[in-house]
Amino acid sequence: MALLATGLVGAGGAAAASAPAAAGAEGDDNTVSLSTPGLAAGGKVTHTVTVHAVEKGALTVRFQTSLEQRSWYEEDRWTNGLSIKAADGTSPVCVLPDDVVEEAVTCAIPAGDTTISYSMNAAVGTPAWKINTMASYTVGSAVAATASSEFAVQSTIPVAMDYLVFGRQADGKLFGSSAYGVHGLDPEWGGIASGEWGDYSAFTKLSPITVRGKGGDIVARDKSGHLWYIELVAGAYTRFKEPVEVGSGWGEYTSLRGAGDLTGDGRPDLIARDGSGVLWLYRATGNANNRFEQRVRIGTGWNIYASLTGSIDVTGDGKADLIGKDAAGDLWLYQGTGSGTTPFGARTKIGNSWNIYNSLVPLGDINADGHADLVARDSAGVMWLYPGTGDATLPFKARVHVHRYWEQFDALM
């Protein structure tokens, strides 16, 4: 990595003067400010960092993805499409990173007012990243001033999101591992998501959950039949709030499944099957004090299914669908209608021999192709990815081996 003199130029390319300030004046504060305009894929812009330094120090400028998107991974070091180059002109000597994912711009800053300029470049084919630029000015070992600014890449290529698959361990702890592209789901590299879950006889996410703590919340039923609502905390890592009781008497249900947004109101709903095979819809309210409306009966004869899997739009029409696996291992698709009274259309057979799997887990669109995906665990603990197609007659492509060692979990979601 070479030492480069970055330019003192503005966004229009004109030279910008760096006027020295009187350093050390009483009451004077160190300050940092940023100008980070967005750029189009295949283009470049000039970003600037202005430092008012009471005394000489060091400037560090780092780049991270927005909390709306996934974090960068190791492979993004070569595929993120962003790079930094020197602008014309002169300035304090800075080190410009070869790799914006792992490294930072670093500069020695004299006392006074200094403007650092660099060219942010986006290659053709760069995805639509949203980038948070963070500048820190330190004097000695003390941070004297900070600033942050977000910019976006204008691109038609979406950024693949990273979704979580949760598994409960034998000791009752919930473990979360992420799936992105055809990568991830390594149980050795995941982490404990939250507390003790051994008291729950059933739990489900209401819709797919991202590594940024977004998506559907979780409902869990304890062994005494009480239902609990567990809300997500959005942020850099997925965390949960303390469970809040919804009500009692939920022990009558043989299946509880997050259904996604069945009614088109933007809120993920819950479906429940009772012992006689009746299917019930619990429509979400969005009210923290009363999470679900009164149940609505939406079907009978659902005991033919060994498992139900919901919360994703399999057909690409914008409505959440439901998948049932029967005792023979046949897979059936119920397309969503968007109606709160008849949320599913007639079933369509979409596969057979699915009894090799003991758990099906709905994911969001992990490969950024616009279609929701599915993960299946076989009896050996191997996880298989079924990429979505958006085709109602053949909704999944051929399976792809993702990872193994998932036999250690007694329940997945």
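User: How do the residues of the lining of the second largest pocket divide into nonpolar, polar and charged?

Analyst: Please keep in mind throughout that this is a predicted model. Rolling a probe the size of a water molecule over the atoms shows where empty space is left. In this structure, the lining of the second largest pocket comprises 13 nonpolar, eleven polar and eight charged residues. The volume of this pocket is about 600 Å³. It is lined by 32 residues, and those closest to its centre are Phe203, Arg257, Leu308, Ser359 and Leu412.

User: Which strands each supply at least two residues of that lining?

Analyst: They are strand E16 (200–205), strand E22 (253–260), E28, strand E32 (357–362) and strand E36 (411–412). Strand E28 covers residues 305–312 and includes Ser311.

User: Is Ser311 buried or exposed?

Analyst: Ser311 counts as buried because its relative accessibility is 8%, and the cut-off for buried is under 20%. Beyond its neighbours within four places in sequence, Ser311 is in contact with Leu206, Ser207, Pro208, Gly258, Ala259, Gly260, Asp321 and Pro362.

User: How many helices and strands are there in the protein, and what share of its residues count as buried?

Analyst: The protein has one helix and 36 strands. Of its 413 residues, 51% count as buried. Among contacts between residues at least 6 apart in sequence, 52% join residues at least 24 apart.

User: Which residues have the most contacts inside the largest nonpolar core?

Analyst: In soluble globular proteins, nonpolar side chains tend to be buried together. Here the largest nonpolar core holds 34 residues, and Val49, Leu59, Phe63, Met120 and Tyr137 have the most contacts inside it. Among the elements that give two or more residues to this core are strand E2 (31–35), strand E4 (44–53) and strand E5 (57–65). Leaving aside neighbours within four places in sequence, the contacts of Leu59 include Val49, Val105, Ile116 and Tyr137.

User: Which residues of E2 form its covered face, and which its uncovered one?

Analyst: In a regular strand the side chains alternate between the two faces of the sheet. In E2, Val32 and Leu34 make up the covered face, whereas Thr31, Ser33 and Ser35 make up the uncovered one. E2 pairs with E4 in the antiparallel sense over five bridges, and Leu34 stands opposite Val49 in E4.

User: Where does a hairpin join E25 to E26, and through how many residues?

Analyst: The hairpin passes from E25 to E26 through two residues. Strand E25 (residues 284–287) and strand E26 (residues 290–292) pair in the antiparallel sense over two bridges, with Ala284 opposite Phe292 in E26.

User: What is the phi of Ala368, and what is that of Tyr405?

Analyst: Most residues other than glycine have a negative phi. Ala368, however, has a positive phi near 60 degrees, and that of Tyr405 is also positive, near 75 degrees. Ala368 is in the loop between E32 and strand E33 (374–378). Tyr405 is in the loop between strand E35 (400–403) and E36, and is partly exposed, with a relative accessible area of 36%.

Technical notes: Residues numbered from 1 in each chain as written. Predicted model: local features only at pLDDT ≥ 70, side-chain atom pairs only at ≥ 80, totals over all residues. Heavy atoms only, no water. Core = buried A, V, L, I, M, F, W, Y, C linked by side-chain atoms within 4.5 Å. Buried < 20%, exposed > 50% of the residue type's maximum accessible area, 1.4 Å probe, protein only. Helix = DSSP H or I, 4+ residues; strand = E, 2+ residues; numbered from the N terminus. Contact = heavy atoms within 4.5 Å. 1 Å grid on protein atoms, 1.4 Å probe; cavity = no way out; pocket = protein on both sides within 12 Å on 5 of 7 lines; lining within 4 Å. Points joined across faces, edges and corners; volume = space filled by probe spheres on them. Nonpolar A, V, L, I, M, F, W, Y, C, P; charged D, E, K, R; others polar. Pairing = 2+ DSSP bridges.
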